[in-house]
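Please take a moment to look over the sequence and the structure shown below, and keep both in view while you read.

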Amino acid sequence: MLYAFGSNGSGQLGVGHTDDINVPEQCLGIPDTDALSKVVGGGNHAVALTKNGQIYVTGDNESKFHQPTWAGDRCWRDVACGWSFTLLVSEEGKVYGMGTARSGELGSFHGSTQDLVSIDIGDAKIMAVACGWRHAVALDENGKVYGWGWNRKCQLGEGESSAKKPYTQLPLPIHVSQPIVQVACGHTYTLLRAQDGSLLGFGSNKYHQLDAIDIRDAACMSTGWHHAAALGQHGQLQSWGRNDHGQTTAFHQKVDRFVCGSEHMLVVHAGKVFAWGWNEHGNCTSNKESVLEPLEVSGLPDGRITLVGAGCATSWIAIDPFIEK
């Protein structure tokens, strides 16, 4: 079962209406039998990916999750949302996108489309994608990374994708010294997690969101608009970057799962979910504009937390009611 709270003016929470909510409500349209592997949100839309490779979408004035016709009968490996576009990776390792592209977000396509367009990355077999505000990066099976889209802040690295160009429509290699195992994008920056647990960063560092590149044991990472966080090998969470809403407040307990929203955090600890940061739309389950300390999310049914997802002031929690916490 999937629950959501936060910004919902375009139906992006998928709960059947368009009101912002600060209490978790069950999402509609995804069968309870479909286990989820990922939920991601853009500016006014969201996409859920099931473990068997099915896609469900909501938002842009649709208020329930549904399977789009453009997904066809493909099996999908990964999905990511930018502000107004969505990227998907097929089981075969090909990248497709849809939405609005003004700065190369959809490769060679320019404009708006509700149909899938192919993004050509040559013979590379892509395993994962990540989206920023208007840029994207992809990770292939050999640990190589490719970037395209908006590049004014050098978020596509210093390689062939020169920062002298405001954007690039052609996916180009981002040259790094060792294989990469995870990619993530903030508003106008990019983080890469290398095989040895170190982090590499490119792009805007206005709020010191690239300053944690001395981390050497990251097991996973996540990025918000201007902040980021990484989980150490022993469950310790470290966060850095902009903190105007308390989004980088320390969490001193062992963390099982976590995700960065645009300017907030969700963390799972001991079978409970905690939220903090920007809360103007209720995405931290409070009636305050900002939640400065971790706040336990109440109103959830019993069961094991299997996933947390976040977007622009949006939060999702997946629960398996048949497994005890």
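Does Asp 244 count as buried, partly exposed or exposed? At 38% relative accessibility, Asp 244 counts as partly exposed, where buried means under 20% relative accessible area, exposed means over 50%, and partly exposed lies in between, with a 1.4 Å probe and protein chains only. Before going further, note that this is a predicted model, in which local features need pLDDT of at least 70 and side-chain atom pairs count only at pLDDT 80 or more, while totals for chains, interfaces and linings use all residues. Residues are numbered from 1 along each chain as its sequence is written, and side-chain values use heavy atoms, with hydrogens and water left out.

Asp 244 is also a partner in a salt bridge, since Arg 242 pairs with Asp 244 and their closest N and O atoms are 3.3 Å apart; the term stands for a side-chain nitrogen of Lys or Arg within 4 Å of a carboxyl oxygen of Asp or Glu. Arg 242 is partly exposed as well, with a relative accessibility of 25%. A search of the whole structure finds 3 salt bridges.

Another of these pairs joins Lys 38 to Asp 78, with 2.8 Å between the closest N and O atoms. This pair links distant parts of the chain, for Lys 38 belongs to strand E3 (residues 36-41) and Asp 78 to strand E7 (residues 76-81), and the two are 40 residues apart. Strands (E, at least two residues) are DSSP runs, numbered from the N terminus. Lys 38 is partly exposed, at a relative accessible area of 23%, whereas Asp 78 is buried, at 9%.

The salt bridge between Arg 77 and Glu 91 has its closest N and O atoms 3.5 Å apart. Arg 77 is partly exposed, with a relative accessible area of 24%, and Glu 91, at 35%, is partly exposed too.

Turning to the cysteines, how many disulfides does a search of the whole structure find? The search finds 0, a disulfide being a pair of cysteine sulfur atoms within 2.5 Å. For Cys 185, the nearest cysteine sulfur is that of Cys 131, 6.7 Å away, and Cys 185 is buried, with a relative accessible area of 9%. For Cys 284, the nearest cysteine sulfur is that of Cys 260, 12 Å away, and Cys 284 is buried with a relative accessible area of 0%.

Conventions
Helix = DSSP H or I, 4+ residues; strand = E, 2+ residues; numbered from the N terminus.
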